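Here's a quick briefing to read with the model open beside you. It starts with how the chains meet, then moves on to a few local spots.

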Amino acid sequence: MSENPRSDRRAPANAALRQAAPVLALLVLLALASLVPSDLAGAALRIASADRTRAGGMDAAFARLPERALVLVAFDADLGTYAETRPVVRAAIADLRARGARLAIVSFTAEGRALAVAELLRLRRLGAGSDEIADLGFAGAAEAGLIGAISGIVPRAAEGSIAEAIRSRGADLDAFALVLVVSGGDLSVRSWVEQVLPRVPDLPIVAIAPTFLEPELAPYLRTGQLHALLATVPEGLAYVDGVPAADRSRAATVGAMPMLLGLLVALGVMAQSLLAPLMRRSRPDRWRRIG
Amino acid sequence: MAAHRMNGLFGNDLGGIAATWVAAAATVAVWSYLVGARTVFRLTQYLLAGLATGYLALLAIDEILVPRLISPLLDDPAGHVALIPAAALVAIMVAAAWLPGRITAPVTGMLVGGIAALALGGAVLGTLLPQIAAAILPAGTARTSILEAVAGIGITVLVVLSFTHGSTTGRLSRRATVVGRWLLVGGIGGWLGFLLVSRLALLVDRLDFLLGDWLGLLR
């Protein structure tokens with residue numbers, strides 16, 4: 001039996017704290033890096049990407065839009081990864097608005113609908129009127145809903161000049177000059193390519209997706225089924241940098257200083273894990289296992 | 001409380017302030033798992049599952065079932081005859097827990113079969129056939145494209161060989177297996193680099209939310 005029951009009770013908590021110490025230290029480090037004033041960090045450090053190939057594809061797709069084009073924004077982002085694509089999505093919407101496009105927002109997933117509502121409210125707060133952006137609501141039923149939307153995408157309750165413009169062009173997907181898919185894991189742009197394109201082959205589709213979807217979606221860009229795709233952080237940064245209407249303030253993008261520190265820590269951990277077996281001569285067989 | 005909203009999802013009104021506090025509390029509750037507070041973490045999991053289920057049910061009723069099924073049937077039953085079997089199917093699925101299997105099984109089968117048919121048909125028409133067509137090199141293809149194709153086939157064969165797990169015999173095939181395995185590791189490693197940047201961006205975004213939106217320390 002222990003002599004000090006209080007210290008016995010504290011032992012598991014202390015052990016958990018010791019185990020979590022590296023992660024907590026990382027969080028504190030990143031928080032301190034975030035607190036560095038943006039003008040101070042920005043003078044020496046700026047997140048950017050030199051490769052504008054895919055960003056140029058998105059620019060080109062938007063540049064081909066006719067005057068007052070109707071653009072469908074299929075908003076099906078995930079709650080978990082939306083923070084990654086949020087600056088790019090906002091820049092794309094700002095870009096389309098600056099080009100005079102009329103946007104209609106629809107969702108086929110519940111998470112996408114929740115985020116679409118939040119973004120719609122944000123845009124309304126920024127002064128976007130019903131003649132600029134229309135809410136086509138939640139279509140549901142995932143892929144079956146997508147197929148249903150091909151022949152009728154405007155809900156009966158939808159009102160406003162954009163809803164009327166879509167109705168006057170048949171109320172189907174052919175009414176749109178472009179579809180911008182804000183992709184997530186539940187219903188990715190792959191579903192659009194597989195379900196919609198075989199039925200509406202002339203519909204131009206561009207997409208913004210989180211990084212984990214890139215290997216799945218890149219082949220569609222090479223075949224021309226997707227007109228443009230932004231699916232990694234560098235591609236998104238390259239695009240946002242080229243949009244005059246985009247908000248590039250500290251508030252809109254991820255800070256450069258914490259990203260640099262985080263990557264340096266990750267490199268340090270990787271270097272340590274690679275060098276540790278070399279240091280430990282007692283187990284030289286580790287390196288051979290992979291072969 | 002910060003007057004400046006960084007992620008822009010919440011307004012500066014009372015609702016926005018309350019939402020910011022709830023979101024900050026939820027973030028801290030999830031991170032409490034790091035220091036072993038598993039009960040708090042489990043509670044947040046239940047909260048997320050409950051909210052997601054409730055939200056989905058609300059969406060389904062408010063934006064699908066009522067406006068697209070019930071209202072048209074009540075307003076003009078004769079004009080929407082096709083919706084009557086749909087309403088029957090929905091009723092059977094809702095009451096599935098109390099109905100015998102021989103009634104619910106065909107409905108479930110139709111549902112699963114329909115989804116599978118859509119997925120399979122779409123995969124063949126939208127992915128398989130276009131990708132095969134794009135992979136076939138037309139006559140007069142540039143030499144670089146032919147080299148790319150040869151390299152692609154070579155890497156594919158080597159990586160496929162890496163999955164043979166020691167069943168290959170002969171010195172050459174064993175070496176090819178090792179090369180394939182390293183190619184696989186290299187590919188996954190390169191990909192993890194991209195994922196690391198994206199996951200780090202998510203973490204930094206959450207920290208920025210806590211420091212900026214909640215505590216008002218960032219400008």
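Two residues are in contact here if their C-beta atoms, placed from the backbone, lie within 7 Å. By that rule, 45 residues of chain B are in contact with 53 residues of chain A. This is a predicted model, so to speak: local features need pLDDT of at least 70, side-chain atom pairs count only at pLDDT 80 or more, and totals for chains, interfaces and linings use all residues. Residues are numbered from 1 along each chain as its sequence is written, while chains are lettered from A and ligands numbered from 1 in the order in which they are written.

**Where chain B meets chain A**

- On the side of chain B that touches chain A, helix H2 (38-75), helix H4 (101-135) and helix H6 (171-214) of chain B each supply at least two residues. Helices (H or I, at least four residues) and strands (E, at least two) are DSSP runs, numbered from the N terminus.
- H6(B) gives the largest share of that side, with 18 residues.
- By type, the residues on that side of chain B split into 32 nonpolar, nine polar and four charged. Ala, Val, Leu, Ile, Met, Phe, Trp, Tyr, Cys and Pro count as nonpolar, Asp, Glu, Lys and Arg as charged, and the others, Gly among them, as polar.

- The axes of helix H5 (residues 110-125) of chain A and H2(B) come within 10 Å and cross at roughly 85°. Axes are lines fitted to C-alpha atoms, for helices over the stretch in contact, with angles running from 0 to 180 degrees between N-to-C directions.
- Ala110(A), Arg113(A) and Ala114(A) of H5(A) make the contact with Tyr55(B), Leu56(B) and Leu59(B) of H2(B).
- Five of the residues in this contact are nonpolar, none polar and one charged.

- Chain A has twelve helices and six strands.
- Buried residues make up 41% of its 291 residues. A residue is buried if 20 or more other C-beta atoms lie within 10 Å of its own, exposed if 12 or fewer, and partly exposed in between.
- Among contacts in chain A between residues at least 6 apart in sequence, 75% join residues at least 24 apart.
- The largest nonpolar core has 87 residues, and Val73(A), Ala74(A), Ala104(A), Ala207(A) and Leu226(A) touch the most other members. Such a core is a set of buried Ala, Val, Leu, Ile, Met, Phe, Trp, Tyr and Cys residues joined through C-beta atoms within 7 Å.
- Leaving out residues up to four places away in sequence, Val73(A) touches Leu103(A), Ala104(A), Ile105(A), Leu180(A) and Val182(A).

**Loops of chain A**

- Arg68(A) sits in the loop between H3 and strand E1 (70-75) of chain A, and has a positive phi of about 55° although it is not a glycine. With 11 other C-beta atoms within 10 Å, Arg68(A) is exposed.
- Ala171(A), in the loop between helix H7 (161-168) and strand E4 (178-182) of chain A, has a positive phi too, near 60°. Ala171(A) counts as partly exposed, with 17 C-beta neighbours inside 10 Å.
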